[in-house]
Amino acid sequence: MRILLAEDERSLSRALVALLERSNYSADAVYDGEEALAYLEGGSYDALILDIMMPKVDGLTVLRRLREQGNPIPVLLLTAKSEVSDKVLGLDTGANDYLTKPFSTQELMARIRAMTRTQTGQVSSRITFGNITLDQATFELSSPTGSFRLANKEYQMMELLMCNPRQLIPTERFLERIWGYDSDVELNVVWVYISYLRKKLTALHADIQIKVTRNAGYSLEGQS
């Protein structure tokens, strides 16, 4: 899952990016509203963490423009303002949730999980295909015979495959969703992580497999 963080306080931004990446999210950081709009236009994100008080274009204006464009991305507002009227304004403008600084990192992560589950219609943190289950809360890939806790990039790739079973996912989509549209990572890096996942599925005696379509991409299929 890929998140855009728009926060102009750079020390806080660095800390939040580190937190998100430790929690197996892919995170891009921007430091003003103008840059946030540019990234949202050029990239594909699953959620936006948006500070209200930002230079160039403030957070509420960014949010208003997104909703006017029909962009349904889940948005969590961050602000130092604690007045009820400010919270109401943010929610009425189109925010999905609101968090006042200073905040607990545990609460932040819980709100992100809840917000993205609501957006996708999920009621459980587990995705199952065949005899394999991916737990989005613990990052564990499991079968009746065992389990592995996936590392960041492995988890994100498996999540994309599990959410789109039997669908061909182009290699470029993995790069864009996990490494970012402006990344200089080469295509063969995707194959390296696919290889890691295939070995884990074999060790778990999975009845599903990651199928490779040459020069096209990858898909999660049942064993033939």
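# Rings and cores in a predicted model

Q: What kind of model are we looking at?
A: Residues are numbered from 1 along each chain as its sequence is written, and side-chain values use heavy atoms, leaving out hydrogens and water. Local features need pLDDT of at least 70, side-chain atom pairs count only at pLDDT 80 or more, and totals for chains, interfaces and linings use all residues, because this is a predicted model.

Q: Is Tyr 196 buried or partly exposed?
A: Let's look at its value: the relative accessibility of Tyr 196 is 39%. That value makes Tyr 196 partly exposed.

Q: Which helix holds both Tyr 193 and Tyr 196?
A: The two tyrosines are 3 residues apart, about one turn of the helix. Helices (H or I, at least four residues) and strands (E, at least two) are DSSP runs numbered from the N terminus. Both residues lie in helix H8.

Q: How many aromatic pairs does a search of the whole structure find?
A: Rings of Phe, Tyr and Trp (its six-membered ring) pair if their centres lie within 6.5 Å; planes under 30 degrees apart are stacked, over 60 edge-to-face, the rest tilted. Searching the whole structure gives an aromatic pair count of 5.

Q: What type of pair do Phe 139 and Tyr 155 form?
A: Their ring centres are 5.0 Å apart. The planes of Phe 139 and Tyr 155 meet at 70°, so the pair is edge-to-face.

Q: Where in the chain is Tyr 155, the partner of Phe 139?
A: This pair links distant parts of the chain, 16 residues apart. Phe 139 is in the loop between S7 and strand S8 (140-143), while Tyr 155 is in helix H6.

Q: Which residues have the most contacts inside the largest nonpolar core?
A: A nonpolar core is a set of buried Ala, Val, Leu, Ile, Met, Phe, Trp, Tyr and Cys residues joined through side-chain atoms within 4.5 Å. The largest one here has 28 residues. Inside this core, the most contacts belong to Met 158 and Phe 174.

Q: Which helix supplies the largest share of that core?
A: Several elements each supply at least two residues, including strand S6 (126-129), helix H7 (171-179) and helix H8 (188-203). The largest share is 6 residues, and it comes from H6.

Q: Which residues join Phe 174 in one aromatic cluster?
A: Phe 174 is one of the residues with the most contacts inside the largest core.

Terms used: Buried means under 20% relative accessible area, exposed over 50%, partly exposed in between (1.4 Å probe, protein chains only).
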